[in-house]
Amino acid sequence: MVAEPDVVTDPDVPEFDHRVAGTPESRWADSPALLRPGVLDLSGVRRLIVVAAHPDDESLGAGGLLAAATRLGIGVTVVIATMGEHSHPDSRTRTPSELASIRRAEVVAALEFLAPTATVKLLGLPDGDLSAHQDELARSIGRFIEDEPTLLASPWIADGHPDHTAAGIAAADAAGERNVLFLQYPIWFWHWSSPPEMPTSAVRLDLTPVDLDAKLAALQCHRSQIEPLSDLPGDEEILPRAVAEHFERTYEIFITPDTEMSPTDQHSLPKEFFDEFYGDQDDPWGFESRWYETRKRTITMASLPRESFRTAFEPGCSIGVLTAELAGRCDRLLATDISDRPLAAARRRLADMPGVRFEQRRIPAEWPREKFDLIVLSEVGYYCGAADLAIMAARAASSLTPDGVLLACHWRYPVAEYPLSGDDVHRALAAEPGLALLAEHLEEDFILQVFTPPPAVSVATANGLR
């Protein structure tokens, strides 16, 4: 094996390129991080549904799981969202249609090794544009969930590939609606990240020799990804040897949003916390009375890079003080909160604003299925546990329109009751590959950042001034 250089990408910014060196498998193999996760127990599971964004995801991230489930007599369904027709966008020897046919044959052959009795659904959604078809994918997944103990596995939302994020969100939506056990498998995470970034909310499936042999045989079926299509530029392998080694382990790792499975992860704060905090108080945070809050709202509104927005979303709106200012800049505004009392106050405050609607939602689990050109995360992210924060960042990014704006603002001092700090929240947002930093305001007290879908375009450039 050729020794690879150490990580060359910042693990906090997973904007990776499969053609450059990432974290070598030797560094993962020597790390205690992969020994920490609890054991995945398949007892009691009667149906396994594995979702893949592209043909080969199922073999790379969950091939051993598929083989183990089949060996244990668990019913298996595999949902392949796209045909991966754009895996080689610069190829001069294969058209997207030809690549789709090749990859279809490869995944069928791979599943003969992993789960020959599985039900396989090839959806043929657009490769590279899966985020525009999340609802369709979620509905398709939901059709396979029946009234039996089910485990649903998908690509990890925070894996660093936009199609993996979209597939993970769609699967999370389907799992939430039907209340099934839900796991996510990393793929590109092993390339761009490093052991210190290993999520604590993980479980490990040790593979029997039979299951490992089946997975290794399946991986060899995906020739278009592990070997060059030709010697010409644009036909290079997608999974170089150094990357492929991550998937030849004697175990598989799955990330779970259920933080109860990881004693070191803190939970997101529940509704009861906020109900008790508000109690009989009208404004416990002093939004109306404190100059600090008034000044921060002024900076927030001044940081918006456009004068007006078509449709906006403000989770955690509390009593609606910031909502009232946002409403003056937005045609339509959805404002939500987890608790009844502040929502009632917000509704009274904006009763004469027909463009504003209020809903009681638990974020990120009840994230709206809409697109917004403005999302404001003001003092809400640190109420999330780490797993929920990763989901919130991914859902926010995928909910933005192509010209959308995400503004986030958070208190920077630690609060004992909060699972995370404001700086934790902003590191997670900066690490989300669907977001690019446009502007930042940093003080000792709070951090405010403005993100857009990449690439970020300055206000002057957007307005034709340069």
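This is a short tour of a predicted model, going from the whole chain to single residues.

**The whole protein**

Begin with everything selected. The protein has 16 helices and 15 strands. Its C-alpha atoms fill a box of roughly 65 × 55 × 40 Å along the principal axes. A compact globule of 466 residues would have a radius of gyration near 23 Å, and the protein has 23 Å, so the two agree.

Colour by burial next. Buried residues make up 56% of the 466 residues. The accessible surface comes to about 20000 Å², and 52% of that surface belongs to carbon and sulfur atoms. Now show the charged side chains: there are 41 positive and 73 negative charges, and their mean positions are 4 Å apart.

Contacts come next. Of those between residues at least 6 apart in sequence, 75% join residues at least 24 apart.

**Helix H15**

Select residues 422-431, which form helix H15. Which of its residues are buried? They are Gly422, Val425, His426, Leu429 and Ala431. An α-helix has 3.6 residues a turn, so residues three or four places apart point the same way. Keep that in mind while looking along the helix.

The buried residues of H15 pack against strand E12 (372-378), helix H14 (386-399), strand E13 (400-411) and strand E15 (446-452).

Most residues other than glycine have a negative phi, and most peptide bonds are trans. The remaining stops are exceptions.

Select isoleucine 363 and proline 364, which are joined by a cis peptide bond with omega of about 10 degrees. Proline 364 is in the loop between strand E11 (356-360) and E12; E12 is one of the elements that the buried residues of H15 pack against.

Move to proline 454 and proline 455. A cis peptide bond joins these two prolines as well, with omega of about 0 degrees. Proline 455 is in the loop between E15 and helix H16 (459-462).

**Two positive phi angles**

Go to aspartate 56, in the loop between strand E2 (47-52) and helix H2 (57-71). Phi here is near 110 degrees, a positive value in a residue other than glycine. Is aspartate 56 buried or exposed? The relative accessible area of aspartate 56 is 5%, so it counts as buried, the cut-off being under 20%.

Finish at glutamate 379, in the loop between E12 and H14. Glutamate 379 is not a glycine either, yet its phi is positive, about 60 degrees. With a relative accessible area of 12%, glutamate 379 is buried.

Terms used: Residues are numbered from 1 along each chain as its sequence is written. This is a predicted model: local features need pLDDT of at least 70, side-chain atom pairs count only at pLDDT 80 or more; totals for chains, interfaces and linings use all residues. Side-chain values use heavy atoms; hydrogens and water are left out. Buried means under 20% relative accessible area, exposed over 50%, partly exposed in between (1.4 Å probe, protein chains only). Helices (H or I, at least four residues) and strands (E, at least two) are DSSP runs, numbered from the N terminus. Contact means heavy atoms within 4.5 Å. The radius of gyration is taken over C-alpha atoms; the globule rule is 2.2 Å times the number of residues to the power 0.38. Accessible areas come from the Shrake-Rupley method with a 1.4 Å probe; for residues, only the protein chains shown count as cover. Lys and Arg count as positive and Asp and Glu as negative; His and the chain ends are not counted. The place of a charge is taken as NZ of Lys, CZ of Arg, CG of Asp or CD of Glu.
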